[in-house]
Amino acid sequence: MDISNIKKVYSGRIGCACGCMGKYSYNDLPDTPDYASVNVRSVKIMAKRILNDSALVYSDCGRYAHVEDKVRNTSKIVYFVNPVVK
Ligand SMILES: [Zn+2]
């Protein structure tokens, strides 16, 4: 896993991903926005867990990858800096 290619991770409930139903953690990159809550350690841990999940789906031409657990009603998303083509 290339941590420098991960912009942010999302963890929340299934549905809206604006942040009202969950939380974003940002990687510490030059273009990380001022309002972002930077937490490199949690980005690393979460991204690793998400990207190793067997239910992982790449979306939006590889701009992000997500795992949904419909039983637990959780959604976890990894957003990439450069699209990851699978
Ligand atoms: Zn929302």
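Biologist: What should I know about numbering and confidence?
Modeller: Residues are numbered from 1 along each chain as its sequence is written. The model is predicted, so local features need pLDDT of at least 70 and side-chain atom pairs count only at pLDDT 80 or more, while totals for chains, interfaces and linings use all residues.

Biologist: Back to β3 and β4. In what sense do they pair, and over how many bridges?
Modeller: Residues 57–59 and 64–69 pair in the antiparallel sense, over three bridges; pairing requires at least two DSSP bridges. Y58 has A65 in β4 as its bridge partner.

Biologist: And which strand do six bridges join to β4?
Modeller: That is β5, residues 74–80, which runs antiparallel to β4. E68 stands opposite S75 in β5. The hairpin of β4 and β5 also has four residues between the strands, and N73 takes a positive phi near 60° there.

Biologist: Zooming out, what's the order of elements?
Modeller: From the N terminus, β-β-α-β-β-β. The radius of gyration, over C-alpha atoms, is 12 Å, close to the 12 Å from the globule rule (2.2 Å times the number of residues to the power 0.38) for 86 residues, so the protein is as compact as a globular protein of that length.

How values were computed
Helix = DSSP H or I, 4+ residues; strand = E, 2+ residues; numbered from the N terminus.
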